[in-house]
Amino acid sequence: MSGAAAVRGKSKLAICGGEPVLSEPLPGHQNFGAEETAAAMRVMKSGCLSGFYGSAGPRFLGGPEVRQFEADWCERFGVAHAVAMNSATSCLMAATAACKLGPGDEMIAPPFTMSASATAAKLWGARTVFADIRADSFTLDPDSVAKLITPRTKAIMAVNLFGQPADLDELLALARPHGIKVIEDNAQAPGALYKGRAAGTVADIGVFSLNCHKIIQTGEGGVACTNDDALAERLRLIRNHGEAVVREIGYRQSPESIIGFNFRMGELEAAIGTEQLAKLDTLTAARQDLAGLYDERLRSLPGLTVPEVLPSRSHVYYVYALTLDPAHAGFSRRALVSALAAEGVECFEGYCRPLYQEALFAQDQDSDTASCPVTERLYGEQLLFHGWLYPEIVPFGAAICDAFEKIWDNRSDLASLDDEHASPSGRG
Ligand SMILES: *Cc1c(COP(=O)(O)O)cnc(C)c1O
């Protein structure tokens, strides 16, 4: 790794045959260690890998590790109920079922998110209607949502994208007068704050992911949170074959609407999750420090916009998402991402294709309304992101900034590469 001083100025871009800023691949992420191994061994020695029974009684709620994990989760996030499941996708499906979505109902969701945020309504025969996002935070635009509310709207899926909470109070204010439920897809923002409250606990139900790509993980796993006792009971029934127990427990809130699954979390994942939860604050601090460095060094590069943190909330930087104005920078996003890769800094273009363009959702859209210009502009030409935000990256943060600066210092070379690609032979 070369020092910052050596790379500024005229040194030749790696994409043009110069020396890369980073000559070795950046280190990978390993967020579990001895504590998780010890927890897993404890479960192995206990002889019980799952404590769930699909029938009424104390074991309907899972084994001791699951119940401890849920109790710790409630305490950490300041929420009344945490229901651990085998994935956030399962939690989202359980959340829409708990809110009783069904045929004829609509759920408003952003199109710029992981598909499970939107399939959660479709599964129950409801329609997903897509509202546009804000260009500064990439989260649902309340004005766009307001225009789409109809008597059929039953839920709003607010995605706390990239680690930053959406405009939750504005969305709740739109929803409340109509009895619409707001679900937070908080898969990417564990530990983020919204007006002093934990993201994922502000709306009616919040969903966290523990898959291996997320800030904390159990390999696979998810947690659904709520402060509403009735919603919590429905979530637990849907997690674990509730249809088989509604009679025995005398469940009265439309028992015929309960279809239970096996969305249960095992004891190993729960024990690992308890250890991961204890590391969340340390892992988040490293992310916020790195993001602070990137903000400081990259914000002055012409045409590049660093992620904005909206008022009264914090960002936990699941990814670091930038926008490029190609006209202002003088080169395209494709050229920038290629040049960064050549310098040893892998970045990604665009995030998810707008979901209404996917076959599953396209069939449900009104052709005249199904277009979200902000989402399309971000996806098509402006948004780029990277995940260089974990503790192992701290020693390399400055070099990552060097790579960006080096590219801007040699903008004209990059612009001419773009011209080559724009020539007829370079097309397609
Ligand atoms: C990862 C993710 C999910 C799904 O999480 P799983 O635990 O893999 O099911 C849902 N929504 C968003 C926004 C995600 O990033």
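A polar contact is taken here as a pair of N or O atoms within 3.5 Å; within protein, one of the two must be able to donate a hydrogen and the other to accept it, and residues adjacent in sequence count only if both atoms are side-chain atoms. The model is a predicted one, in which local features need pLDDT of at least 70 and side-chain atom pairs count only at pLDDT 80 or more, while totals for chains, interfaces and linings use all residues. Residues are numbered from 1 along each chain as its sequence is written, and side-chain values use heavy atoms, with hydrogens and water left out.

| Protein atom | Ligand atom | Distance |
|---|---|---|
| A88, polar backbone atom | oxygen | 2.9 Å |
| N211, side-chain N or O atom | oxygen | 2.8 Å |
| K214, polar side-chain atom | oxygen | 3.0 Å |

On its own the ligand has 380 Å² of accessible area (Shrake-Rupley method, 1.4 Å probe), and the protein covers 92% of that area. Around the ligand there are 14 residues (a heavy atom within 4 Å of it), of which T89, D185, S209, N211 and K214 come nearest.

At the start of α8, a side-chain oxygen of D228 reaches to within 2.9 Å of the backbone nitrogen of A230, and the helix is followed by H241, whose phi is positive, near 50°.

Technical notes: Helix = DSSP H or I, 4+ residues; strand = E, 2+ residues; numbered from the N terminus.
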